[in-house]
Structures are given as C-alpha cells and as structure tokens.
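Here is a short briefing to read with the model open beside you.

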Amino acid sequence: MNVVIIGNGKVGSNLSAALVSEGHNVTVVDSSAQRLAKIQNALDVMCIEGNGATVEIQREASVEKAGLFIAATPYDELNVLCCLVAKRLGAKKTVSRVRMPEYYRQMDLIREDLGLSMVINPELATADEIARVLIFPSAAKVEVFGKGKLELVEYRLPQFASISGISIVQLYQKVKTKFLICVVQRGEEIYIPGGDFVLRGGDRIHIAASHKNIERFFRTCGFMKEKIRSVMIVGGGCACYYLAKQLLHMGMKVKIIEKDESRSIQMAKLLPKAIVIQGDGTDQDFLIEEGVMHVDAFVSLTGIDEENMILSLFAGDATNAKVVTKINRDNYVTLAARLGLDCVISPKYLTTSNVLSYVRSLANAAGSEIESLYHIVGNQAEAIEFRVREVVPGLVGIPLRDVHLKKNILICAIIRRREILTPDGNAAIEVGDRIVVVSKAYHFSKIKDILE
C-alpha cells in the first residue's frame, strides 16, 4: 500500500519505520531538510521537503494514489488541514494526530465531516497505559483484550522469587487458577515457552488471564502490592492532564510538579481537585520537600527522556513508590530496562501499535479481523486480538491439539461472549470467538496466516 506521512518527528518517524518493515511504500513530507536526511539514511522511503498542507506538495507526494495518509506534525490544526486537503485530492483513508484536550473532546462530533478515518492521540494513549498500571501496581505493563475481559500483564520476577527454578507445568499445578504464561524475556532472548520451560529470577514474564485470575496468581506467589492512593507527577503536559483526570476520577490524590508558571496556573484551573506546584521537578531536595517520600506512585512525564530516567532512578532508590517512566527514544527504552526501571511507557510505541492494527485491518477485504494489536517485550513480539468472522479451514471447530500453527506462535486465550476459555488441547475455536495470538517473528493481518 502507498502511505504518505506528513511530519517526521518522533511519532512520524516511528510510523515510517514500522510501515516500511511491513512492506508498504512510504513517502515522508517534512519542512526540515535535516530531519528528512536522517530518515532517508536509515529507511527506504521517499522524502519531500515542504509544507504538507499545500496542494502542490501533496500532489508531488502522489497523495491521490495513497491508500493511507497520516498527518503527524506537532500541530493539531495543521494535521486536520493536511487531512482535509488529502481527502479532497483522493487519499482513500486519512489519519490525524490530535493531542490537545480542547480539540480531542470534539473529534467524535466532527470526525465524519472532516473525512477522518482515524484520530491518534499519543498523550491520551500514554495516560491510559499508565492508569492501567497504577490500578494494578504489581504489574510493569497491562494490555487489555476483549473489551477488558482479558489482560496481558508483564512482570519481572525477583531474583529470589518463590517460583524461580520450577517449570511452567509445575507452576500451573502450584497456582490453581486459570492463566497462561505466553512470553518470557531473559536478557536479550525472547521465548514463547512450552510446559517444560524453567523460570529464573530476573525473567520478564507475560501472563494472560482475566483480572480476577491474575490477582489470584499474584497473591498466591506473594507478588501482590497494595493499592495506590497518592500519585506525584512531574511534568504538566497533555499526557499529565489526561492521566491526572483519570486518577482523580478513581479517587486517588494527585500532586503535579510543573516548572513553567503559566502552565502551572492553567493546570490548576483545569484540574481543581489536584494539587499543582510550580517548581523544578529535577531538584531532588524540592521533591523531598513536596513529599515524594510518602507517595504511593511516582510518574515522570517531562518532555526530556534523560530527565525522566534520572528522576525515576532517584524515586526508585529513595522511596517505596511505584515508579513509571515515559521514554520515547528506542535506545533509551532498552537502557532503562537494564538500569532496573521496570515500568517504561513509550508514547510512540503505543501509537504505532494502534495505527498498525488499523493498517492490517485494511488489508482484509472481507472486513477487519483484527480487534486490537500491541507490541510487547520492547517491540520484539506482538499480541493480536482476532475476531473469528467465518469458518477458517484447519482452525475452526478442531481441537487445538490438531491445529498446525507456525513456529513461535501461541494462542493464549479464547474469548467466547463473556467467558475466557483456557486454550488447552481439547478446546476448539468457534465462529464469533475472539482469539488472542502472541507471535515472535510474524506480522499477521488475517487469522489464516497463523496456520502452517
């Protein structure tokens, strides 16, 4: 598919890399020659320098032949204008980045009039991800499937965990509840484990189950943490606003540290139930004065990755708080994990997953089979929720023990109406089910692609 992306910032460049890796023809438009030179040296993309909102530049980018047009500049108004022009020129599908709360709230009213196929909001996606983790603080990450019926939880085993040194089969026998360990990360290696796989301290495991059963798993293994009641957030941007609003609605106490005076005043007006303090959140003495030692959770949301990492390392070392770190740069995500920062959130990864889910659904002429898609284990594996819309030969109505899947693939859950079925050898998939598939080395757009 021909894809045109306006804006080669953090979100745009990451989308370009993901779409090129999946075989799409990508054209990138940006007003900065320096940014274009950087991506052209790294990726097989066509680059055009100029204003992506103008008809001349869009025609040069062959927007009329584009199956997908994405406007991902930092400016909401410009993104919407780019999409309006692209739709008029003949782009089949248009996607706009809209981050400001004032604009995003009204998108549902005017999206159809603007001809937008999809609206992406990295800041809101970031806030949603962090909120899920703070609701369940034992986890490093929480992804949801089946409209919340199934959760995929990431957790790093302590070095001397009670379940270290036992096989997964033994673990299932020990913890008498329905769950499935579907991915294990050990150092740089990624495993989709069988029953004889032996767990070790330091492993990052991904557990699929209902929320109730995941809670039982954590309680039985002694990993359960107390609920979070107070949160300190450093950095008062859009992601902070979306997050604080959710946390306040859930009854948590929220304190926001923001350096800029005008932004502090604005946040105090927007969030009257939160405590907003103007000050330098990178000053450790200032954080101690403001009570960082006594909060249940600490979230670093400044616009600078290095600051977020240093703040999180300080909070993790000096307090017992649940620490969440926002990081955008790929190499820093890996570094943060090595430094012991367990809960790292990347806005551009979240946005890329949402867009790829939509793009792959476009490839299915019979209608979208993909309900949701998440990149996990530092973007090295995928968890995809498929809806089974019709009989798939070799998959539907057959016991799973007789289904021939490709290597490094695991069906980790079957969601049937309101019930989550354990995908053992006797289970069979039916039309209407949702299935969650974890894969290590494939980019699936259709259910039948998982079969040999």
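Buried means under 20% relative accessible area, exposed means over 50%, and partly exposed is in between, with a 1.4 Å probe and protein chains only. By that rule His211, at 27% relative accessibility, counts as partly exposed. This is a predicted model, in which local features need pLDDT of at least 70 and side-chain atom pairs count only at pLDDT 80 or more, while totals for chains, interfaces and linings use all residues. Residues are numbered from 1 along each chain as its sequence is written, and side-chain values use heavy atoms, with hydrogens and water left out.

- Helices (H or I, at least four residues) and strands (E, at least two) are DSSP runs, numbered from the N terminus.
- The expected span of a helix is 1.5 Å times one less than its number of residues. For the 14 residues of helix α7 (residues 122–135) that should give 20 Å, and the end C-alpha atoms are 20 Å apart, which agrees.
- Helix α7 is largely enclosed by the rest of the structure, because twelve of its 14 residues are buried. Among them are Leu124, Ala127, Ile130, Val133 and Leu134.
- Helix α7 packs against helix α15 (residues 347–362) at an angle of about 105°, with the axes 9 Å apart. Axes are lines fitted to C-alpha atoms, for helices over the stretch in contact, and angles run from 0 to 180 degrees between N-to-C directions.
- The two helices, α7 and α15, are therefore roughly perpendicular to each other. Angles of 65 to 115 degrees count as roughly perpendicular, under 35 as roughly parallel, over 145 as roughly antiparallel, and the rest as oblique.
- Pro122, Ala125, Thr126 and Glu129 on the α7 side meet Pro347, Leu350, Thr351 and Asn354 of α15; contact means heavy atoms within 4.5 Å.
- The residues of this α7–α15 contact divide into four nonpolar, three polar and one charged. Here Ala, Val, Leu, Ile, Met, Phe, Trp, Tyr, Cys and Pro count as nonpolar, Asp, Glu, Lys and Arg as charged, and the others, Gly among them, as polar.

**Helix α13 and its surroundings**

- Helix α13 (residues 305–318) has 14 residues and reaches 20 Å from its first C-alpha to its last, close to the 20 Å expected.
- Buried residues in α13 include Met309, Leu311, Phe314 and Ala315. Their cover includes the strands β12 (230–234), β15 (297–300) and β16 (322–326), along with the helices α12 (284–289) and α14 (330–338).
- The axes of α13 and α14 come within 11 Å and cross at roughly 10°, so these helices are roughly parallel to each other.
- Asp305, Glu306 and Met309 of α13 make this contact with Tyr332, Leu335 and Ala336 of α14. The residues involved divide into four nonpolar, no polar and two charged.

**Two buried loop residues**

- His24 lies in the loop between α1 (10–21) and β2 (25–30), and at 16% relative accessibility it counts as buried.
- A polar atom of the His24 side chain is 3.5 Å from the backbone nitrogen of Met1. A polar contact is a pair of N or O atoms within 3.5 Å; within protein, one must be able to donate a hydrogen and the other to accept it, and residues adjacent in sequence count only if both atoms are side-chain atoms.
- Ser138 sits in the loop between α7 and β7 (141–145) and is buried, with a relative accessible area of 3%.
- The Ser138 side chain has a polar atom 3.2 Å from the backbone oxygen of Phe223.

**Residues of helix α9**

- His211 is in helix α9 (residues 211–221). Not counting residues up to four places away in sequence, His211 touches Phe136 and Glu151.
- Thr220 is also found in helix α9, and at 47% relative accessibility Thr220 counts as partly exposed. A polar atom of its side chain lies 2.8 Å from the backbone oxygen of Arg216.

**Positive phi angles**

- Most residues other than glycine have a negative phi.
- Lys147 is not a glycine, yet has a positive phi of about 55°. Lys147 is found in the loop between β7 and β8 (150–156) and is exposed, with a relative accessible area of 74%.
- Asn408 has a positive phi near 60° and lies in the loop between β19 (381–387) and β20 (409–416).
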